[in-house]
Amino acid sequence: MSQFGAPRGRTCSRSPRSRTLRSVATLTSAVLAVTVLAGCSSDTADEAQAAAQDNAPAARDKVADGGTLRWAVDALPTTLNSFQADADGTTSRIAGAVLPSLYTLDARGRPQLNPDYLESAQVVETEPKQVVLYKLHQQAVWSDGREIGAPDFVAQWRALSGRDTAYWTARNAGYERIEKIERGKNDLEVRVTFSKPYADWQSLFTPLYPKQVMGSPNSFNDGARTTLKATAGPFLLKSIDRGSGDVTLVRNPRWWGQSAKLDSLVLKAVPRAERGTALAAGKLDLAEIDRSTAERIALALKDARAGRNGAQAALAHGPGSAITSSKALKSWALAHGSDEEKAEEVQAARLKNQKAVTLYANQQNTLAGFVVRKSLEPAYTQLSLNGESGALADERVRRAVARAIDRQELAESVLKPLGLPATPPGSHLALAGQAAYADSSDALGDQDTQEARALLADAGWVPGGAVKKPAGAKEGTEAGSEAEKAKETKEKEKAGEKPGEKPGEKDEAGAKTDSASTDAKKKADTASDEGLYIVGDDKPGDRRALPAPVIGAAGPENGTDVLAPAPAAARQSAALLARAEALDTGTGPGRAAHSVTKPDRGVAGAYAPLGTAAPVTAPDAAQVLGKDGKALSLRFVLPSGPGSESLRAVGDRIVRMLDAVGIRTEVTKVADDSFFKDHVAAGDYDLALYSWPASAFPATDARPIFAKPEPASDGSLLVEQNYSRVGTDRIDQLFDQAAGTLDEEEARELVRQADARIWAAAGSIPLYQRPQLVAAKADVVNAGAWGLAAPRYQDIGFKKPESSKGAERNR
């Protein structure tokens with residue numbers, strides 16, 4: 001084994017190649033050859049280093065006892081129950097400080113047994129069924145004095161197993177595999193028996209809630225939204241003040257482990273766009289920040305080291321620095337050579353500028369007391385390609401888009417200015433440093449303009465194709481044909497039929513359906529494990545789009561079908577999207593929605609300032625890529641609000657890269673609060689940029705994100721969280737096999753093979769691991785940019801002054 005848990009000299013399992021649904025044999029066979037072999041990556045790829053932590057580590061004897069640390073969060077939590085759909089980052093942060101985590105993540109994102117709660121946990125039986133025996137810490141108790149034990153495990157299992165639909169859970173992965181939970185030899189032992197093997201059993205019971213929360217649907221659904229009846233961590237939940245936006249945690253007097261260094265930890269709800277001001281005003285000690293705020297702190301530190309005070313810095317960099325001597329002289333002349341009213345205006349302007357300079361100077365003085373700690377966040381930003389319909393339903397076009405993009409350039413544009421590692425992720429399922437990581441991007445290939453153009457040509461998208469009529473089209477019939485289609489559609493809607501239905505045809509549930517849908521479902525049932533299943537229009541002779549479920553009793557008034565997650569996965573979908581939304585826009589549950597702005601639309605190659613529409617340039621129709629008289633144009637949807645500037649900058653670069661191979665883009669900027677819900681989740685996009693958090697348990701957590709969309713008995717489509725609508729049977733099988741094996745190395749190999757096939761399907765393209773920038777008071781220790789690791793809350797505090805010689809800090 002390597003130092004990061006990756007194997008040396010491992011062998012690769014190979015599955016027999018099956019038939020595929022695609023008719024382009026040369027392309028498909030090349031893809032499959034790569035996907036089968038991609039799991040055999042080199043040891044160097046497997047041992048890719050994670051970005052170093054930057055959290056000012058300090059031994060506990062160097063940390064002062066006492067004090068209050070003010071830590072910025074995006075919003076106050078709408079629930080304290082981590083297993084509800086509207087749980088957010090603040091919910092998770094509170095849970096990490098006040099509730100048991102049986103396993104925590106280390107600097108390489110690997111789960112590690114937490115000795116504060118467990119003496120041991122291991123698989124003690126595999127036949128006839130898997131049994132895990134937990135031995136709890138002898139002093140582990142809830143804040144009400146009750147011992148942590150089997151009743152709490154049982155209550156959490158029953159709530160999250162999915163068997164009782166009265167519990168509104170966001171997820172139940174893993175818990176549904178538990179058959180029973182029993183007391184062991186004594187009260188400190190818990191035996192968990194699984195109905196079928198589960199590799200990711202270490203992901204369960206973290207956080208662990210008391211039976212008072214999990215014991216009934218009412219307490220689960222509503223009781224834990226605003227308070228917790230019992231906790232068991234180094235901190236207690238003291239109060240949530242919605243007026244001030246503060247969550248106050250205090251040291252737990254019943255805590256049996258190493259005592260928390262801080263007296264209290266205050267989580268302050270401060271929007272990311274306002275954190276620079278809050279830091280400068282001295283209202284925060286620790287906060288994740290954006291690049292502009294980080295640059296401002298760096299400037300303040302530079303000025304401080306150069307011996308310049310705030311006023312000098314303000315004159316050099318701040319308000320008023322652009323006023324030249326000639327402009328000042330002109331202002332003086334106007335003030336003394338004009339009427340009294342003008343003189344007063346000039347004087348007022350000068351006073352306003354002086355106040356701005358003074359304010360800036362004071363803020364710079366305050367910011368000089370902060371440092372920026374940086375690493376890479378356990379999340380990556382991807383380009384999602386919607387394979388539901390249109391040009392991107394063809395895998396060759398998706399692969400052409402992927403081959404047109406220089407991922408290295410995009411990663412460097414975001415990370416290199418920050419001094420962070422700028423290697424694009426090679427995996428959808430793990431990040432560099434994690435045991436399951438392997439660079440499988442060869443299954444798709446690097447940037448290659450010529451190859452991208454060849455793929456487009458092979459798919460029929462050629463220069464001048466936009467002015468050619470489809471084969472068999474007759475002169476002057478287009479308008480009439482469209483009118484007839486519209487009339488037919490209207491008549492069918494009045495008759496209660498859907499467009500494309502044939503009278504009298506019914507599906508298994510008795511609902512009307514068309515023959516194409518029926519054929520598609522039959523093909524889906526018999527599809528080979530390697531065949532790409534793409535929802536939507538495809539090549540002639542292949543499957544057609546399946547009817548999508550309609551949101552609402554009668555569907556939208558305009559008759560448009562909207563793809564939705566499966567009912568059983570709807571709440572998990574909401575939870576995942578909320579997390580992605582918080583990553584990319586700094587918003588989430590509890591945040592006020594941005595005002596809706598009019599979408600800005602641009603064209604290929606456009607590069608315009610934020611908030612402006614790109615200039616429209618009429619391209620030469622003879623050179624535009626097209627097919628059967630239709631130009632190749634993709635709708636690129638991006639968020640428009642503050643906090644998503646980085647995504648839009650990356651989007652501009654992608655537009656230019658696609659333009660270089662002849663792919664036109666129509667950029668649409670939408671309000672942050674509708675970006676995920678109304679566009680990504682609803683499938684209303686061709687291209688979109690958003691982020692997914694990484695996981696230590698990809699076989700469980702990543703499966704719904706890449707699961708093959710499945711046709712339901714009523715002809716609707718269940719997409720889970722696969723918002724690209726692209727998947728394969730084999731990918732699903734590999735995830736299931738990885739989750740069901742207790743051989744850790746075999747599970748990792750299966751995850752790597754699944755990732756290679758995800759690359760080959762080209763439904764999503766990982767671009768870069770997100771930067772993690774944290775502003776911290778210079779004397780804050782054991783806190784900052786943790787990277788893949790989980791915080792150790794009891795160690796966070798303030799560094800002892802050098803001259804104190806053991807004196808406690810009094811803040």
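This is a predicted model: local features need pLDDT of at least 70, side-chain atom pairs count only at pLDDT 80 or more; totals for chains, interfaces and linings use all residues.
1. α23 covers residues 744-761, 18 residues in total, and spans 26 Å from first to last C-alpha, close to the 26 Å expected at 1.5 Å a residue. At its start, a side-chain oxygen of D743 comes to within 3.1 Å of the backbone nitrogen of E745.

2. Is α23 enclosed or open? Of its 18 residues, 16 are buried, so the helix is largely enclosed by the rest of the structure.

3. Then have a look at strand β23, residues 764-777, which is mostly covered, with 12 of 14 residues buried. β23 pairs with β12 (residues 370-385) in the antiparallel sense over 12 bridges, and V371 sits opposite A776 of β23. β23 also pairs with β11 (residues 286-288), again antiparallel, over 3 bridges; there A287 has A775 as its bridge partner.

4. Now the packing. The largest nonpolar core has 69 residues, and Y134 and F205 touch the most other members. Helix α4 (residues 150-160) supplies the largest share of this core, 7 residues. A second, separate core holds 64 residues, including A287, A300, V655 and V667.

5. Leaving out residues up to four places away in sequence, Y134 touches, among others, L102, L118, F153, L188, W201 and F205. Its contacts also include S120 and E189.

Methods:
Residues are numbered from 1 along each chain as its sequence is written. Side-chain values use heavy atoms; hydrogens and water are left out. Helices (H or I, at least four residues) and strands (E, at least two) are DSSP runs, numbered from the N terminus. The expected span of a helix is 1.5 Å times one less than its number of residues. Buried means under 20% relative accessible area, exposed over 50%, partly exposed in between (1.4 Å probe, protein chains only). A polar contact is a pair of N or O atoms within 3.5 Å; within protein, one must be able to donate a hydrogen and the other to accept it, and residues adjacent in sequence count only if both atoms are side-chain atoms. A nonpolar core is a set of buried Ala, Val, Leu, Ile, Met, Phe, Trp, Tyr and Cys residues joined through side-chain atoms within 4.5 Å. Contact means heavy atoms within 4.5 Å. Two strands pair if DSSP finds at least two bridges between them.
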